[in-house]
Amino acid sequence: AFALYTHHAWDDWYITYRVSKNLATGHGFVYNEGQKVHTFTSPIGTLTPAILNIFTFNSSDELVLWLFRIIGCILLGVSIVLLLRIAKESSFKLLPTIFLITMFATDLKTIDFSINGMETAFMIFFLVLHIYVLTVPSKCLFLNLGLVWAGLMWTRPDSLVYIAGLSLGYLIFNPKIPNTKNRLGLIKTFIGAGIVLFVLYTPWIIW
């Protein structure tokens, strides 16, 4: 509704989408054809519009933006479902749960950034998923965490700051997460996740 009313799209979107469109139309992963300059921040925020452009047969730039907005909307919706599960697993009572969801769903910056062509919805989704993986019991914890870390890095290269901050917080304050009994076990999980991250993100670094 906010997107329909404001038609808000940042210049970042148009800069990024020009690269996406050049890739989709066979002119290379560049802003200007033949000029190999890195002009965008988010790999996933650039590759996704490129894929959308291909699937829409390069018929409408506005359609690609709207599809990107819809994907962002879905990701934020899934994030709320994950937050509800996190709240349940953490034994939140009704009022704190309502407060958590309300604060998330009404954060204007998150909504605005997600509809104006930024990678924000992807970032929020993977951050919530990070907490989810370390809260809700699951098999192959290190693998799941590594996949989340890779998702964060493919969303933004400065995600190392978020990964380090969240991981350090759990290591200090809550080392007995599901499938680990102490800090040593959590450190081993982080090392395994780091290996998965390295394998999945190295191709982008090499490129």
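User: Before we start, what makes a set of residues a nonpolar core here?

Analyst: A nonpolar core is a set of buried Ala, Val, Leu, Ile, Met, Phe, Trp, Tyr and Cys residues joined through side-chain atoms within 4.5 Å. Keep in mind that this is a predicted model. The largest such core has 45 residues, and W13, V128, L129, L145, W149 and L152 touch the most other members. Elements giving two or more residues to this core include α2 (11–24), α7 (120–133) and α8 (141–155). With 10 residues, α7 supplies the largest share.

User: What is W13 in contact with, leaving aside its neighbours within four places in sequence?

Analyst: P49, V64, L65, F68, N116 and G117.

User: Why is the pair of W13 and Y17 called stacked?

Analyst: Stacked needs planes under 30 degrees apart, with centres within 6.5 Å. The rings of W13 and Y17 have centres 5.2 Å apart and planes at 10°, so the pair is stacked. The two residues are four apart in helix α2, and that puts about one helical turn between them. Both W13 and Y17 are buried.

User: And what makes the pair of F29 and W207 tilted?

Analyst: Here the angle decides. The F29 and W207 planes are 50° apart, with 5.2 Å centre to centre. F29 sits in the loop between α2 and α3 and W207 in the segment after α10, so the pair ties together parts 178 residues apart in sequence.

User: How do you know that the charged end of R18 sits over the ring of Y31?

Analyst: For Arg, CZ has to be within 6 Å of the ring centre and within 35 degrees of the ring normal. The charged end of R18 sits over the ring of Y31, 4.1 Å from its centre. R69 does likewise over the ring of W66, at 4.6 Å from the centre.

User: What lines the largest pocket?

Analyst: The pocket has a volume of about 380 Å³. Of its 17 lining residues, A1, C73, L76, I111 and I115 are the closest to its centre. The largest share of the lining, eight residues, comes from α4.

Key. Residues are numbered from 1 along each chain as its sequence is written. This is a predicted model: local features need pLDDT of at least 70, side-chain atom pairs count only at pLDDT 80 or more; totals for chains, interfaces and linings use all residues. Side-chain values use heavy atoms; hydrogens and water are left out. Buried means under 20% relative accessible area, exposed over 50%, partly exposed in between (1.4 Å probe, protein chains only). Contact means heavy atoms within 4.5 Å. Rings of Phe, Tyr and Trp (its six-membered ring) pair if their centres lie within 6.5 Å; planes under 30 degrees apart count as stacked, over 60 as edge-to-face and the rest as tilted. On a 1 Å grid over the protein atoms alone, a cavity is a set of points where a 1.4 Å probe fits but cannot get out, and a pocket is an open set with protein on both sides within 12 Å along at least five of seven lines; lining residues have an atom within 4 Å of a point. Grid points are joined across faces, edges and corners, and a volume is the space filled by probe spheres set on the points.
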